[in-house]
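Q: I would like to go through this model with you. Could we take the overall fold and then some local details?

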Amino acid sequence: MKSMYIGSGDVQALMSGKHTKSHHELLKRFVSGMQPYYNAKASPIDPLRIGAILEDRYLMLLPDNYFAQYVCQCEEMNVFRCSLDFAKIEHGKVVDFEELKTVYLSDFLEFEPLKHYPEELLEFIRKNYSPYYYQVQQQLYCTGLKECTLVFLSVLSYIDEENLTRNIQPNEYLKIRIERDEVAIAQIRDRGEIFQQIKDCYDIQSR
């Protein structure tokens, strides 16, 4: 079934308690046979729509060998796949990537006293933005890379026209290098095992 995959956007639900609504919704989507289609730019939800618009604006800051929404599948557990916001491609292979997260200005300012202290900043992200941390760990698992960049971009306005023409300045985003965390990846693999077993069962039956 085309729906039998765990994407990078599913990691928060995957890592939620097995009796939570979000985990149950993931399981239902997984066996539904329906592959979801998302059009964030047309979303009535402001953060989703503005985030998609600002992804296009941020891409303009990156070199030409970065490609948006690049999809990778995990070799070890093919139930996992990920969509990389910005993948750096060299000789046809992903060698690095950046994952962009948009945050309110007030939240962005909380990074200010920590930005020169990498260890404290990383611990702050693990504690306060754990879904993002697990998401990039799933992406590192899928790509086989040892590290990546997590980018936090400040949202200054929720007016579409202003964001469509926004020129993002260096002091409006923060880049944090995230290393591969085998403990976190082991937790992701453990949660994904039952989904892999279901997928394997249907793959065998369809042959």
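Q: How many helices and strands does the chain have?
A: The chain has 8 helices and 5 strands. Helices (H or I, at least four residues) and strands (E, at least two) are DSSP runs, numbered from the N terminus. This is a predicted model, in which local features need pLDDT of at least 70 and side-chain atom pairs count only at pLDDT 80 or more, while totals for chains, interfaces and linings use all residues. Residues are numbered from 1 along each chain as its sequence is written, and side-chain values use heavy atoms, with hydrogens and water left out.

Q: And in what order do the elements run from the N terminus?
A: The order is α-α-α-β-β-β-α-α-α-β-α-β-α.

Q: What share of the residues is buried?
A: Buried residues make up 43% of the 207. Buried means under 20% relative accessible area, exposed over 50%, and partly exposed in between (1.4 Å probe, protein chains only).

Q: Turning to the strands, which residues form the covered face of S5?
A: In strand S5 (residues 173-179), Leu174, Ile176 and Ile178 form the covered face. The uncovered face holds Tyr173, Lys175, Arg177 and Glu179.

Q: How many bridges join S4 to S5?
A: There are 7 bridges between S5 and strand S4 (residues 147-155), and the two strands run antiparallel. Strands pair if DSSP finds at least two bridges between them. Within this pairing, Ile178 of S5 has Cys148 opposite.

Q: Now backbone angles. What is phi at Gln69?
A: Phi of Gln69 is near 55°, a positive value in a residue other than glycine. Most residues other than glycine have a negative phi. Gln69 is in strand S1 (residues 66-73).

Q: Where does His91 lie?
A: His91 is in the loop between strand S2 (81-90) and strand S3 (93-104). The phi of His91 is also positive, at about 55°.
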